[in-house]
Amino acid sequence: MTTSFRFEEPWFLLLLLAPVLFRLLGDGWKKLPVVQFPGARIFATSKGFRHSWTKTVQNSLYYFGCVSLVLALARPQFGTAASRSQTEGIDIMLLLDVSLSMLSEDFSIGSQRASRLEVVKQVTEKFINGRPDDRIGIIAFSGQPYLVSPLTLDHKWLIDNLARLTIRRVGDQTALGPSLVEDGTAIGSALVTGANRLKDKRSKSRVIVLLTDAGNIPPLTAAEAAAAIGIKIYTIGTGTNGLVPFPHSDGFGNTYYSEEYMPFREDTCREIARIGGGVFFRATDTKTMREIFEQIDKLERSGRVVQQYQNYDDVFPWLLAAGFALLAATFTLREIIWSVVP
(Lines give C-alpha, C1' and ligand atoms only; values in the text may rest on other atoms or scores of the structure.)
Protein backbone atom coordinates (compact mmCIF):
# COMPACT_ATOMS: atom_id res chain seq x y z
CA MET A 1 0.00 0.00 0.00
CA THR A 2 1.43 3.40 -1.03
CA THR A 3 0.36 6.99 -0.31
CA SER A 4 0.16 9.14 -3.40
CA PHE A 5 -0.92 12.56 -4.66
CA ARG A 6 -2.57 13.35 -7.96
CA PHE A 7 -4.64 15.90 -9.87
CA GLU A 8 -7.92 14.50 -11.16
CA GLU A 9 -8.23 17.28 -13.80
CA PRO A 10 -4.62 18.34 -14.49
CA TRP A 11 -5.47 20.30 -17.65
CA PHE A 12 -6.84 23.16 -15.53
CA LEU A 13 -3.26 23.82 -14.37
CA LEU A 14 -2.67 25.54 -17.71
CA LEU A 15 -4.74 28.44 -16.33
CA LEU A 16 -1.81 29.26 -14.04
CA LEU A 17 -0.17 30.82 -17.09
CA ALA A 18 -3.05 33.30 -17.52
CA PRO A 19 -1.90 35.92 -14.94
CA VAL A 20 1.59 35.99 -16.42
CA LEU A 21 0.15 36.33 -19.92
CA PHE A 22 -2.16 39.15 -18.88
CA ARG A 23 0.73 40.96 -17.21
CA LEU A 24 2.88 40.73 -20.33
CA LEU A 25 0.03 41.91 -22.54
CA GLY A 26 -0.82 44.71 -20.13
CA ASP A 27 2.75 46.01 -20.14
CA GLY A 28 2.75 46.02 -23.90
CA TRP A 29 -0.45 48.06 -24.10
CA LYS A 30 0.66 50.77 -21.66
CA LYS A 31 1.17 54.17 -23.24
CA LEU A 32 3.70 56.67 -22.04
CA PRO A 33 2.32 60.11 -21.15
CA VAL A 34 2.49 62.65 -23.94
CA VAL A 35 3.65 65.48 -21.68
CA GLN A 36 5.95 64.79 -18.73
CA PHE A 37 6.47 67.21 -15.84
CA PRO A 38 9.85 66.85 -14.15
CA GLY A 39 8.53 68.39 -10.95
CA ALA A 40 5.92 65.65 -10.50
CA ARG A 41 8.58 63.29 -9.16
CA ILE A 42 8.79 65.34 -5.97
CA PHE A 43 5.16 64.49 -5.09
CA ALA A 44 5.47 60.88 -6.20
CA THR A 45 8.30 60.11 -3.78
CA SER A 46 6.41 61.21 -0.71
CA LYS A 47 4.00 58.25 -0.83
CA GLY A 48 6.17 55.90 -2.89
CA PHE A 49 7.18 53.55 -0.08
CA ARG A 50 3.64 53.18 1.30
CA HIS A 51 2.28 52.70 -2.18
CA SER A 52 4.86 50.03 -3.08
CA TRP A 53 4.33 47.73 -0.09
CA THR A 54 0.55 48.02 -0.08
CA LYS A 55 0.49 47.29 -3.79
CA THR A 56 2.78 44.28 -3.23
CA VAL A 57 0.47 42.90 -0.54
CA GLN A 58 -2.61 43.41 -2.70
CA ASN A 59 -1.01 41.78 -5.73
CA SER A 60 0.23 38.85 -3.66
CA LEU A 61 -3.20 38.22 -2.14
CA TYR A 62 -4.80 38.48 -5.58
CA TYR A 63 -2.36 36.09 -7.29
CA PHE A 64 -2.41 33.56 -4.46
CA GLY A 65 -6.20 33.66 -4.53
CA CYS A 66 -6.24 32.99 -8.27
CA VAL A 67 -3.70 30.17 -7.92
CA SER A 68 -5.80 28.56 -5.17
CA LEU A 69 -8.91 28.64 -7.37
CA VAL A 70 -7.04 27.14 -10.33
CA LEU A 71 -5.62 24.36 -8.14
CA ALA A 72 -9.12 23.71 -6.83
CA LEU A 73 -10.38 23.31 -10.42
CA ALA A 74 -7.62 20.72 -11.04
CA ARG A 75 -9.00 18.71 -8.08
CA PRO A 76 -5.90 17.70 -6.08
CA GLN A 77 -6.31 14.41 -4.25
CA PHE A 78 -4.41 12.52 -1.57
CA GLY A 79 -4.99 8.82 -1.17
CA THR A 80 -3.72 5.29 -1.04
CA ALA A 81 -3.30 2.73 -3.80
CA ALA A 82 -2.78 -0.98 -3.26
CA SER A 83 -2.64 -4.04 -5.48
CA ARG A 84 -2.84 -7.74 -4.82
CA SER A 85 -1.71 -10.41 -7.26
CA GLN A 86 -2.62 -14.05 -7.13
CA THR A 87 -0.68 -16.53 -9.24
CA GLU A 88 -1.98 -19.90 -10.34
CA GLY A 89 1.20 -21.84 -11.05
CA ILE A 90 1.74 -24.86 -13.27
CA ASP A 91 3.49 -28.08 -12.29
CA ILE A 92 6.08 -29.11 -14.89
CA MET A 93 8.26 -32.23 -14.98
CA LEU A 94 11.19 -32.12 -17.40
CA LEU A 95 12.27 -35.58 -18.56
CA LEU A 96 15.81 -35.36 -19.97
CA ASP A 97 17.44 -38.15 -21.92
CA VAL A 98 20.99 -38.77 -20.61
CA SER A 99 21.85 -41.85 -22.62
CA LEU A 100 25.32 -41.94 -24.20
CA SER A 101 23.95 -40.80 -27.56
CA MET A 102 23.32 -37.37 -25.97
CA LEU A 103 27.10 -36.86 -26.06
CA SER A 104 26.94 -36.55 -29.85
CA GLU A 105 28.25 -33.15 -30.88
CA ASP A 106 25.94 -32.14 -33.69
CA PHE A 107 24.91 -28.88 -31.96
CA SER A 108 26.82 -25.67 -31.23
CA ILE A 109 26.99 -22.93 -28.61
CA GLY A 110 28.23 -19.75 -30.24
CA SER A 111 30.99 -20.83 -32.61
CA GLN A 112 31.93 -23.88 -30.54
CA ARG A 113 30.70 -27.38 -31.27
CA ALA A 114 28.64 -28.72 -28.36
CA SER A 115 26.96 -31.94 -27.32
CA ARG A 116 23.23 -32.39 -27.34
CA LEU A 117 23.20 -32.54 -23.54
CA GLU A 118 25.10 -29.24 -23.14
CA VAL A 119 22.60 -27.43 -25.34
CA VAL A 120 19.64 -29.05 -23.59
CA LYS A 121 20.97 -27.94 -20.20
CA GLN A 122 21.54 -24.36 -21.37
CA VAL A 123 18.10 -23.99 -22.96
CA THR A 124 16.39 -25.73 -20.03
CA GLU A 125 18.01 -23.32 -17.57
CA LYS A 126 16.64 -20.34 -19.49
CA PHE A 127 13.20 -21.98 -19.56
CA ILE A 128 13.28 -22.46 -15.77
CA ASN A 129 14.37 -18.86 -15.12
CA GLY A 130 11.43 -17.61 -17.19
CA ARG A 131 8.84 -19.37 -15.02
CA PRO A 132 9.37 -18.18 -11.42
CA ASP A 133 5.80 -18.98 -10.33
CA ASP A 134 5.75 -22.63 -11.44
CA ARG A 135 6.84 -25.73 -9.59
CA ILE A 136 9.36 -27.53 -11.80
CA GLY A 137 11.09 -30.87 -11.37
CA ILE A 138 13.66 -32.81 -13.41
CA ILE A 139 14.00 -36.51 -14.13
CA ALA A 140 17.02 -37.81 -16.03
CA PHE A 141 16.70 -41.16 -17.74
CA SER A 142 18.87 -43.60 -19.61
CA GLY A 143 18.37 -47.32 -18.95
CA GLN A 144 16.16 -46.26 -16.04
CA PRO A 145 14.88 -42.94 -14.62
CA TYR A 146 16.75 -40.93 -11.97
CA LEU A 147 15.19 -38.12 -9.96
CA VAL A 148 17.34 -35.01 -10.30
CA SER A 149 14.89 -32.74 -8.46
CA PRO A 150 11.30 -33.08 -7.24
CA LEU A 151 8.79 -30.34 -8.01
CA THR A 152 10.08 -27.16 -6.41
CA LEU A 153 9.81 -23.37 -6.47
CA ASP A 154 13.45 -23.12 -5.42
CA HIS A 155 14.70 -22.69 -8.95
CA LYS A 156 18.25 -21.78 -7.92
CA TRP A 157 18.61 -25.17 -6.27
CA LEU A 158 16.98 -26.77 -9.30
CA ILE A 159 19.44 -25.13 -11.71
CA ASP A 160 22.40 -26.10 -9.50
CA ASN A 161 21.30 -29.74 -9.75
CA LEU A 162 20.84 -29.38 -13.50
CA ALA A 163 24.40 -28.04 -13.84
CA ARG A 164 25.75 -31.15 -12.11
CA LEU A 165 24.02 -33.40 -14.62
CA THR A 166 26.87 -34.92 -16.68
CA ILE A 167 27.35 -38.20 -18.50
CA ARG A 168 30.50 -39.95 -19.67
CA ARG A 169 31.63 -43.35 -20.83
CA VAL A 170 33.69 -45.38 -18.37
CA GLY A 171 34.99 -48.40 -20.23
CA ASP A 172 31.92 -50.26 -21.38
CA GLN A 173 29.67 -48.52 -18.84
CA THR A 174 27.94 -45.17 -18.49
CA ALA A 175 28.50 -42.74 -15.61
CA LEU A 176 25.84 -40.21 -14.61
CA GLY A 177 27.72 -37.78 -12.41
CA PRO A 178 29.82 -39.88 -10.01
CA SER A 179 27.63 -43.00 -10.30
CA LEU A 180 27.61 -45.80 -12.84
CA VAL A 181 24.21 -46.27 -14.47
CA GLU A 182 22.57 -48.53 -17.01
CA ASP A 183 22.73 -47.20 -20.54
CA GLY A 184 19.62 -47.20 -22.70
CA THR A 185 16.52 -45.04 -23.28
CA ALA A 186 13.76 -45.99 -20.85
CA ILE A 187 11.16 -43.49 -22.06
CA GLY A 188 8.22 -45.48 -20.68
CA SER A 189 9.70 -45.71 -17.18
CA ALA A 190 10.55 -41.99 -17.24
CA LEU A 191 6.95 -41.13 -18.18
CA VAL A 192 5.58 -43.26 -15.34
CA THR A 193 7.97 -41.65 -12.84
CA GLY A 194 7.11 -38.17 -14.06
CA ALA A 195 3.36 -38.88 -13.90
CA ASN A 196 3.71 -40.11 -10.32
CA ARG A 197 5.35 -36.83 -9.41
CA LEU A 198 2.41 -34.93 -10.90
CA LYS A 199 -0.40 -36.66 -9.03
CA ASP A 200 -1.41 -33.52 -7.15
CA LYS A 201 -4.68 -32.58 -8.87
CA ARG A 202 -4.92 -29.24 -7.07
CA SER A 203 -2.56 -27.68 -9.61
CA LYS A 204 -4.22 -25.69 -12.39
CA SER A 205 -2.22 -27.54 -15.03
CA ARG A 206 0.26 -30.42 -15.06
CA VAL A 207 2.74 -30.79 -17.88
CA ILE A 208 5.49 -33.22 -18.91
CA VAL A 209 8.18 -32.09 -21.35
CA LEU A 210 9.95 -35.17 -22.70
CA LEU A 211 13.27 -34.56 -24.44
CA THR A 212 14.99 -37.50 -26.09
CA ASP A 213 17.13 -38.41 -29.08
CA ALA A 214 15.71 -41.93 -29.42
CA GLY A 215 12.33 -42.90 -30.75
CA ASN A 216 12.47 -46.68 -31.05
CA ILE A 217 10.96 -47.67 -27.68
CA PRO A 218 7.15 -47.91 -27.53
CA PRO A 219 6.12 -46.33 -24.19
CA LEU A 220 2.57 -45.60 -25.34
CA THR A 221 0.92 -47.32 -22.37
CA ALA A 222 2.75 -45.00 -19.99
CA ALA A 223 1.64 -41.99 -22.05
CA GLU A 224 -1.97 -43.15 -21.91
CA ALA A 225 -1.74 -43.55 -18.12
CA ALA A 226 -0.39 -40.01 -17.75
CA ALA A 227 -3.03 -38.56 -20.06
CA ALA A 228 -5.76 -40.39 -18.11
CA ILE A 229 -5.04 -38.31 -15.01
CA GLY A 230 -4.98 -35.03 -16.93
CA ILE A 231 -1.27 -34.59 -17.64
CA LYS A 232 -0.32 -32.89 -20.90
CA ILE A 233 2.79 -34.20 -22.68
CA TYR A 234 5.10 -32.30 -25.02
CA THR A 235 7.86 -34.24 -26.76
CA ILE A 236 11.06 -32.91 -28.32
CA GLY A 237 13.09 -35.04 -30.69
CA THR A 238 16.73 -34.00 -30.45
CA GLY A 239 19.61 -34.37 -32.86
CA THR A 240 20.41 -35.04 -36.49
CA ASN A 241 18.94 -38.09 -38.18
CA GLY A 242 22.01 -39.83 -39.59
CA LEU A 243 25.78 -39.63 -39.14
CA VAL A 244 26.91 -37.48 -36.20
CA PRO A 245 30.33 -36.77 -34.60
CA PHE A 246 30.69 -38.80 -31.40
CA PRO A 247 33.58 -38.18 -28.92
CA HIS A 248 35.90 -40.91 -27.58
CA SER A 249 38.79 -40.89 -25.14
CA ASP A 250 42.05 -42.75 -25.85
CA GLY A 251 42.80 -43.34 -22.16
CA PHE A 252 45.44 -40.58 -22.00
CA GLY A 253 42.95 -37.72 -21.74
CA ASN A 254 42.90 -37.09 -25.49
CA THR A 255 39.59 -36.84 -27.34
CA TYR A 256 39.00 -38.09 -30.84
CA TYR A 257 35.81 -38.39 -32.87
CA SER A 258 34.12 -40.97 -34.99
CA GLU A 259 31.13 -40.69 -37.27
CA GLU A 260 28.28 -42.67 -35.72
CA TYR A 261 24.99 -43.44 -37.41
CA MET A 262 22.13 -42.49 -35.08
CA PRO A 263 18.73 -42.75 -36.74
CA PHE A 264 15.72 -41.05 -35.20
CA ARG A 265 12.21 -42.37 -35.61
CA GLU A 266 9.65 -39.66 -35.03
CA ASP A 267 6.62 -41.95 -34.89
CA THR A 268 6.88 -42.85 -31.21
CA CYS A 269 7.50 -39.29 -29.93
CA ARG A 270 4.79 -37.90 -32.18
CA GLU A 271 2.31 -40.51 -30.92
CA ILE A 272 3.20 -39.82 -27.26
CA ALA A 273 2.47 -36.11 -27.78
CA ARG A 274 -0.83 -36.92 -29.50
CA ILE A 275 -1.94 -39.19 -26.67
CA GLY A 276 -0.90 -36.59 -24.09
CA GLY A 277 -2.75 -33.75 -25.82
CA GLY A 278 0.50 -31.88 -26.44
CA VAL A 279 2.74 -31.14 -29.42
CA PHE A 280 5.72 -32.92 -30.93
CA PHE A 281 8.74 -30.78 -31.84
CA ARG A 282 11.88 -31.61 -33.76
CA ALA A 283 15.18 -29.91 -32.84
CA THR A 284 18.20 -30.45 -35.10
CA ASP A 285 20.19 -27.38 -34.04
CA THR A 286 20.61 -24.99 -31.11
CA LYS A 287 18.47 -22.20 -32.58
CA THR A 288 15.53 -24.56 -33.13
CA MET A 289 15.91 -25.94 -29.61
CA ARG A 290 15.63 -22.44 -28.14
CA GLU A 291 12.60 -21.65 -30.28
CA ILE A 292 10.86 -24.85 -29.18
CA PHE A 293 11.25 -24.03 -25.50
CA GLU A 294 9.99 -20.50 -26.19
CA GLN A 295 6.90 -21.98 -27.87
CA ILE A 296 6.21 -24.30 -24.95
CA ASP A 297 6.71 -21.36 -22.60
CA LYS A 298 4.01 -19.41 -24.47
CA LEU A 299 1.64 -22.37 -24.67
CA GLU A 300 1.78 -23.06 -20.93
CA ARG A 301 1.60 -19.78 -19.06
CA SER A 302 0.78 -19.24 -15.39
CA GLY A 303 -2.50 -17.46 -14.65
CA ARG A 304 -2.13 -14.17 -12.77
CA VAL A 305 -5.00 -12.18 -11.31
CA VAL A 306 -4.19 -8.62 -10.24
CA GLN A 307 -6.66 -6.59 -8.18
CA GLN A 308 -6.06 -2.90 -7.61
CA TYR A 309 -7.61 -0.78 -4.89
CA GLN A 310 -7.61 3.03 -4.84
CA ASN A 311 -9.01 5.37 -2.23
CA TYR A 312 -8.52 9.11 -2.82
CA ASP A 313 -9.86 12.12 -0.89
CA ASP A 314 -10.47 15.50 -2.55
CA VAL A 315 -8.81 18.53 -1.00
CA PHE A 316 -10.18 21.07 -3.49
CA PRO A 317 -12.83 22.45 -1.03
CA TRP A 318 -10.02 23.79 1.15
CA LEU A 319 -8.30 25.42 -1.81
CA LEU A 320 -11.62 26.83 -3.03
CA ALA A 321 -12.30 28.38 0.36
CA ALA A 322 -8.75 29.73 0.56
CA GLY A 323 -9.01 31.25 -2.92
CA PHE A 324 -12.27 33.09 -2.19
CA ALA A 325 -10.92 34.24 1.19
CA LEU A 326 -7.78 35.70 -0.39
CA LEU A 327 -9.75 37.48 -3.11
CA ALA A 328 -12.16 38.84 -0.50
CA ALA A 329 -9.22 40.08 1.55
CA THR A 330 -7.80 41.79 -1.57
CA PHE A 331 -11.12 43.60 -2.17
CA THR A 332 -11.48 44.57 1.48
CA LEU A 333 -7.99 46.02 1.78
CA ARG A 334 -8.21 47.90 -1.50
CA GLU A 335 -11.72 49.33 -1.11
CA ILE A 336 -11.99 49.90 2.64
CA ILE A 337 -8.68 49.99 4.53
CA TRP A 338 -6.28 51.29 1.85
CA SER A 339 -8.81 53.22 -0.18
CA VAL A 340 -7.67 56.64 -1.44
CA VAL A 341 -10.03 59.59 -1.55
CA PRO A 342 -9.46 61.57 -4.76
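Predicted model: local features only at pLDDT ≥ 70, side-chain atom pairs only at ≥ 80, totals over all residues.
**Entry 1: helix α8**

I started with helix α8, residues 266-275, and found that T268, C269, I272, A273 and I275 are buried there. I then looked down the axis of α8: its buried residues fall within an arc of 165°, so they line one face of the helix.

Next I asked what the buried residues of α8 pack against. My list has the helices α6 and α7 (220-228), together with the strands β11, β12 and β15. I also checked the spot just after α8, where G277 takes a positive phi of about 70°.

**Entry 2: stepping back**

I wanted the overall inventory before going further. The protein has ten helices and 16 strands. It has 342 residues, and 39% of them count as buried. I also looked at contacts between residues at least 6 apart in sequence: 76% of these join residues at least 24 apart.

**Entry 3: the six-stranded sheet**

I traced an open sheet of six strands and wrote down the order β7-β6-β3-β11-β12-β15, with mixed pairing. Which strands are at the edges? They are β7 (145-152) and β15 (280-283), each of which pairs on one side only. Ignoring direction, neighbouring strands of this sheet are turned by 15° against each other on average.

A reminder from my course notes: strands of a sheet pair through backbone hydrogen bonds, either parallel or antiparallel. I went looking for both kinds.

- β3 and β6 are parallel, with seven bridges between them. Here I92 stands opposite I136 in β6.
- β6 and β7 are antiparallel, with five bridges. In this pair A140 stands opposite Y146 in β7.
- β12 (residues 231-238) and β15 run parallel and are joined by four bridges. I picked out T235, whose bridge partner in β15 is F280.

How are β6 and β7 joined? I followed the chain and found a hairpin that connects them through three residues. While there, I checked how covered β6 is: six of its seven residues are buried.

I then looked for a helix that lies across the sheet strands. Helix α6 (residues 187-197) lies across β3 (90-97), β6 (135-141), β7, β11 (205-212) and β12. Against β7, α6 runs at about 25°.

**Entry 4: the nonpolar cores**

How many residues are in the largest nonpolar core? I noted 42, and L94, I236 and M289 are those with the most contacts inside it. Helix α4 (residues 116-129) gives the most to this core, with six residues.

I followed M289 and set aside its neighbours within four places in sequence. M289 is in contact with F107, V119, V120, V123, L211, I236, T238 and A283. Apart from this core I found another one, of 19 residues, and M93, I139, I187 and I275 are among them. I275 was already in my notes as one of the buried residues of α8.

**Entry 5: aromatic pairs**

I took F127 and F293 to begin with. Their ring centres are 5.3 Å apart and their planes stand at 65°, so the pair is edge-to-face; planes over 60 degrees apart count that way. F127 lies in helix α4 and F293 in helix α9 (residues 286-299), so this pair ties together parts that are 166 residues apart in sequence. Are these two buried or exposed? Both F127 and F293 are buried.

The other pair is Y234 and F281, which is stacked, with 6.5 Å centre to centre and 25° between the planes. Y234 lies in strand β12 and F281 in strand β15, so the pair ties together parts that are 47 residues apart in sequence.

I checked how covered these two are as well. The cut-off for buried is under 20% relative accessible area. Y234 has 2% relative accessibility, so Y234 counts as buried. F281 has 8% relative accessibility, so F281 counts as buried too.

Technical notes:
Residues numbered from 1 in each chain as written. Heavy atoms only, no water. Pairing = 2+ DSSP bridges. Helix = DSSP H or I, 4+ residues; strand = E, 2+ residues; numbered from the N terminus. Axes fitted to C-alpha atoms, helices over the stretch in contact; angles between N-to-C directions. Contact = heavy atoms within 4.5 Å. Core = buried A, V, L, I, M, F, W, Y, C linked by side-chain atoms within 4.5 Å. Buried < 20%, exposed > 50% of the residue type's maximum accessible area, 1.4 Å probe, protein only. Arc of directions from axis to C-beta. Phe/Tyr/Trp six-rings, centres within 6.5 Å; stacked < 30°, edge-to-face > 60°.
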